[in-house]
Amino acid sequence: MPPPAPRHRISAQPGSTLPAMLRRRLDATGRATCDILGVLDPNADLPLVHASRHGDTTHTLEMLEALERGEPISPTRFSMSVHNAVLGVHSISRTHHRPLQALGACGDEFDAILHEAKGYLVEGHRAVVAVLSEGPLPSAYQGYTEHPGTACAVGMRLTLDRGRRLMASDPVRGAHPTPLEVMAWLNGDAPFLDGRHRWQLGAE
(Lines give C-alpha, C1' and ligand atoms only; values in the text may rest on other atoms or scores of the structure.)
Protein backbone atom coordinates (compact mmCIF):
# COMPACT_ATOMS: atom_id res chain seq x y z
CA MET A 1 0.00 0.00 0.00
CA PRO A 2 1.56 3.36 -1.03
CA PRO A 3 1.76 6.17 1.54
CA PRO A 4 -1.19 8.56 1.65
CA ALA A 5 -1.19 11.54 -0.66
CA PRO A 6 -0.08 14.83 0.99
CA ARG A 7 -3.68 16.06 1.22
CA HIS A 8 -4.59 12.95 3.21
CA ARG A 9 -1.72 12.98 5.70
CA ILE A 10 -2.42 13.60 9.36
CA SER A 11 -0.66 16.88 10.08
CA ALA A 12 1.40 17.51 13.19
CA GLN A 13 -1.32 19.68 14.72
CA PRO A 14 -4.81 18.52 13.72
CA GLY A 15 -7.72 19.25 16.02
CA SER A 16 -8.91 22.63 14.79
CA THR A 17 -12.46 21.74 15.92
CA LEU A 18 -11.37 21.22 19.54
CA PRO A 19 -10.76 23.75 22.34
CA ALA A 20 -7.10 23.81 23.37
CA MET A 21 -7.79 22.18 26.76
CA LEU A 22 -9.38 19.16 25.08
CA ARG A 23 -7.08 19.09 22.06
CA ARG A 24 -3.98 18.36 24.11
CA ARG A 25 -5.61 15.33 25.71
CA LEU A 26 -5.56 13.42 22.39
CA ASP A 27 -2.81 12.25 20.10
CA ALA A 28 -2.69 13.46 16.49
CA THR A 29 -4.90 10.60 15.29
CA GLY A 30 -7.54 11.31 17.91
CA ARG A 31 -7.55 14.99 16.99
CA ALA A 32 -7.85 14.15 13.30
CA THR A 33 -10.75 11.83 14.11
CA CYS A 34 -12.54 14.68 15.87
CA ASP A 35 -11.95 16.93 12.85
CA ILE A 36 -13.52 14.33 10.55
CA LEU A 37 -16.51 13.88 12.86
CA GLY A 38 -17.01 17.65 12.95
CA VAL A 39 -16.99 17.91 9.15
CA LEU A 40 -19.36 14.98 8.55
CA ASP A 41 -21.72 15.85 11.43
CA PRO A 42 -21.62 19.67 11.52
CA ASN A 43 -24.85 19.99 13.51
CA ALA A 44 -23.84 17.32 16.06
CA ASP A 45 -27.16 15.52 15.59
CA LEU A 46 -26.20 12.11 14.15
CA PRO A 47 -25.13 8.83 15.78
CA LEU A 48 -21.35 8.45 15.70
CA VAL A 49 -19.31 5.26 15.41
CA HIS A 50 -15.54 5.24 15.89
CA ALA A 51 -13.54 2.06 15.32
CA SER A 52 -9.85 1.42 15.85
CA ARG A 53 -8.11 -1.92 16.04
CA HIS A 54 -5.37 -0.78 18.41
CA GLY A 55 -6.39 2.63 19.74
CA ASP A 56 -3.77 4.90 21.33
CA THR A 57 -1.09 2.25 21.85
CA THR A 58 1.73 4.77 22.36
CA HIS A 59 0.35 6.26 25.56
CA THR A 60 -0.97 2.91 26.80
CA LEU A 61 2.51 1.41 26.45
CA GLU A 62 4.02 4.41 28.24
CA MET A 63 1.69 3.79 31.19
CA LEU A 64 2.59 0.10 31.30
CA GLU A 65 6.28 0.96 31.27
CA ALA A 66 5.73 3.48 34.07
CA LEU A 67 4.00 0.81 36.16
CA GLU A 68 6.93 -1.52 35.57
CA ARG A 69 9.25 1.18 36.95
CA GLY A 70 6.99 1.61 39.98
CA GLU A 71 5.91 5.11 38.97
CA PRO A 72 2.37 6.48 39.52
CA ILE A 73 -0.05 6.79 36.61
CA SER A 74 -1.71 10.07 35.75
CA PRO A 75 -5.49 9.74 36.27
CA THR A 76 -6.07 11.96 33.23
CA ARG A 77 -3.78 9.85 31.06
CA PHE A 78 -5.48 6.68 32.27
CA SER A 79 -8.93 8.09 31.50
CA MET A 80 -7.78 8.87 27.97
CA SER A 81 -6.55 5.32 27.37
CA VAL A 82 -10.03 3.78 27.14
CA HIS A 83 -11.34 2.97 23.69
CA ASN A 84 -14.20 5.51 23.76
CA ALA A 85 -12.02 8.42 24.91
CA VAL A 86 -11.92 10.11 21.49
CA LEU A 87 -15.69 10.10 21.16
CA GLY A 88 -15.98 11.36 24.72
CA VAL A 89 -13.74 14.35 24.01
CA HIS A 90 -15.59 15.07 20.76
CA SER A 91 -19.01 14.88 22.43
CA ILE A 92 -17.91 17.32 25.14
CA SER A 93 -16.46 19.78 22.63
CA ARG A 94 -19.55 19.73 20.39
CA THR A 95 -22.24 19.17 23.07
CA HIS A 96 -23.20 16.04 21.19
CA HIS A 97 -26.08 14.09 22.80
CA ARG A 98 -26.83 11.47 20.15
CA PRO A 99 -25.71 7.80 20.35
CA LEU A 100 -21.96 7.11 20.41
CA GLN A 101 -20.32 3.75 19.73
CA ALA A 102 -16.63 2.83 20.07
CA LEU A 103 -15.52 -0.43 18.47
CA GLY A 104 -12.53 -2.74 18.41
CA ALA A 105 -12.96 -5.96 16.45
CA CYS A 106 -9.55 -7.67 15.99
CA GLY A 107 -9.19 -6.42 12.43
CA ASP A 108 -12.85 -6.64 11.42
CA GLU A 109 -13.57 -3.01 12.33
CA PHE A 110 -14.84 -2.00 8.89
CA ASP A 111 -17.51 -4.69 8.83
CA ALA A 112 -18.38 -3.96 12.46
CA ILE A 113 -18.90 -0.30 11.59
CA LEU A 114 -21.37 -1.20 8.86
CA HIS A 115 -23.35 -3.56 11.10
CA GLU A 116 -23.57 -1.00 13.90
CA ALA A 117 -24.54 1.77 11.48
CA LYS A 118 -27.26 -0.36 9.91
CA GLY A 119 -28.76 -0.92 13.34
CA TYR A 120 -29.06 2.81 13.94
CA LEU A 121 -30.43 3.39 10.44
CA VAL A 122 -33.18 0.78 10.68
CA GLU A 123 -34.18 2.33 14.02
CA GLY A 124 -34.99 5.50 12.09
CA HIS A 125 -31.87 7.66 12.24
CA ARG A 126 -31.44 9.50 8.92
CA ALA A 127 -27.66 8.98 8.78
CA VAL A 128 -24.72 7.66 10.77
CA VAL A 129 -21.19 9.09 10.75
CA ALA A 130 -18.35 6.59 11.14
CA VAL A 131 -14.58 6.95 11.41
CA LEU A 132 -12.00 4.17 11.17
CA SER A 133 -8.60 5.15 12.54
CA GLU A 134 -5.21 3.80 13.55
CA GLY A 135 -2.57 5.61 15.56
CA PRO A 136 1.18 5.06 15.23
CA LEU A 137 2.43 1.67 16.39
CA PRO A 138 5.27 1.73 18.95
CA SER A 139 8.41 -0.15 17.94
CA ALA A 140 7.85 -2.66 20.76
CA TYR A 141 4.71 -3.90 18.99
CA GLN A 142 5.99 -3.90 15.42
CA GLY A 143 6.12 -7.34 13.88
CA TYR A 144 3.56 -8.70 16.35
CA THR A 145 0.36 -7.32 14.83
CA GLU A 146 -1.00 -6.04 11.52
CA HIS A 147 -0.80 -2.29 11.05
CA PRO A 148 -1.02 0.11 8.06
CA GLY A 149 2.45 1.45 8.86
CA THR A 150 1.37 5.01 9.59
CA ALA A 151 -1.23 6.91 11.57
CA CYS A 152 -4.40 7.29 9.48
CA ALA A 153 -8.12 7.96 9.70
CA VAL A 154 -11.01 7.87 7.24
CA GLY A 155 -14.64 8.90 7.70
CA MET A 156 -17.95 8.06 6.05
CA ARG A 157 -21.54 9.27 6.27
CA LEU A 158 -23.87 6.28 5.86
CA THR A 159 -27.56 6.38 4.94
CA LEU A 160 -30.19 4.03 3.55
CA ASP A 161 -31.47 6.26 0.77
CA ARG A 162 -28.72 8.57 -0.55
CA GLY A 163 -25.24 8.32 -2.05
CA ARG A 164 -23.54 5.33 -3.64
CA ARG A 165 -24.98 1.90 -3.03
CA LEU A 166 -22.85 -0.45 -0.95
CA MET A 167 -22.92 -4.09 -2.09
CA ALA A 168 -21.51 -7.19 -0.39
CA SER A 169 -20.53 -10.45 -2.06
CA ASP A 170 -19.08 -13.72 -0.80
CA PRO A 171 -17.23 -13.70 2.53
CA VAL A 172 -13.47 -13.30 2.48
CA ARG A 173 -11.29 -14.94 5.10
CA GLY A 174 -8.31 -13.27 6.70
CA ALA A 175 -8.81 -9.80 5.18
CA HIS A 176 -8.47 -6.93 7.66
CA PRO A 177 -8.90 -3.61 5.83
CA THR A 178 -6.99 -0.67 7.25
CA PRO A 179 -8.04 3.00 7.03
CA LEU A 180 -5.58 3.46 4.16
CA GLU A 181 -7.19 0.64 2.18
CA VAL A 182 -10.67 2.03 2.86
CA MET A 183 -9.47 5.46 1.73
CA ALA A 184 -8.03 4.07 -1.51
CA TRP A 185 -11.26 2.17 -2.21
CA LEU A 186 -13.48 5.20 -1.56
CA ASN A 187 -11.22 7.29 -3.82
CA GLY A 188 -11.72 4.79 -6.65
CA ASP A 189 -8.14 3.53 -6.58
CA ALA A 190 -9.32 -0.03 -5.86
CA PRO A 191 -12.38 -1.77 -7.42
CA PHE A 192 -13.39 -3.49 -4.19
CA LEU A 193 -12.56 -3.75 -0.50
CA ASP A 194 -12.04 -7.11 1.17
CA GLY A 195 -13.21 -7.41 4.75
CA ARG A 196 -15.49 -10.08 6.17
CA HIS A 197 -17.18 -9.64 2.77
CA ARG A 198 -16.03 -8.23 -0.55
CA TRP A 199 -17.48 -4.72 -0.63
CA GLN A 200 -18.18 -2.81 -3.83
CA LEU A 201 -19.68 0.58 -4.56
CA GLY A 202 -22.44 1.05 -7.11
CA ALA A 203 -23.29 4.19 -9.06
CA GLU A 204 -25.03 7.10 -7.33
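Tutor: Start with strand 3 (residues 128-134) and strand 4, which run antiparallel and are joined by 7 bridges. Within this pairing, alanine 130 faces methionine 156 of strand 4. Two strands count as paired if DSSP finds at least two bridges between them. Helices (H or I, at least four residues) and strands (E, at least two) are DSSP runs, numbered from the N terminus. This is a predicted model, so local features need pLDDT of at least 70 and side-chain atom pairs count only at pLDDT 80 or more, while totals for chains, interfaces and linings use all residues. Residues are numbered from 1 along each chain as its sequence is written, and side-chain values use heavy atoms, with hydrogens and water left out.

In general, strands of a sheet pair through backbone hydrogen bonds, either parallel or antiparallel.

Strand 5 and strand 7 are antiparallel over 4 bridges. Alanine 168 has tryptophan 199 of strand 7 as its bridge partner. Contact means heavy atoms within 4.5 Å.

Helix 7 is the piece to follow next. Buried means under 20% relative accessible area, exposed over 50%, and partly exposed in between (1.4 Å probe, protein chains only). The buried set is Pro179, Leu180, Val182, Met183, Ala184 and Trp185. These buried residues pack against helix 6, strand 3, strand 4, strand 5, strand 6 and strand 7. Glycine 188 follows helix 7, and its phi is positive, near 85 degrees.

Next, the open space. The largest pocket holds about 930 Å³. Pockets are found on a 1 Å grid over the protein atoms alone: a cavity is a set of points where a 1.4 Å probe fits but cannot get out, and a pocket is an open set with protein on both sides within 12 Å along at least five of seven lines. Lining residues have an atom within 4 Å of a point. Points are joined across faces, edges and corners, and a volume is the space filled by probe spheres set on the points. In the largest pocket, 30 residues form the lining, and Arg157, Leu158, Thr159, Arg162 and Arg164 are the closest to its centre. Helix 6 (109-122), strand 4, helix 7 and strand 7 (197-201) each give two or more residues to this lining. Helix 6 supplies the largest share, 6 residues. By class, the lining has 16 nonpolar, 4 polar and 10 charged residues. Ala, Val, Leu, Ile, Met, Phe, Trp, Tyr, Cys and Pro count as nonpolar; Asp, Glu, Lys and Arg as charged; the others, Gly among them, as polar.

Valine 122 belongs to helix 6. Valine 122 is exposed, with a relative accessible area of 57%. Valine 122 and aspartate 170 are 48 residues apart in sequence and 23 Å apart in space, C-alpha to C-alpha.

Two loop residues deserve a backbone check. Most residues other than glycine have a negative phi. Alanine 44 has a positive phi, near 50 degrees. Its loop runs between helix 2 (28-40) and strand 1 (48-51). Alanine 44 is buried, at 12% relative accessible area. Threonine 95 also has a positive phi, near 50 degrees. Threonine 95 sits in the loop between helix 5 and strand 2, and is exposed at 53%.
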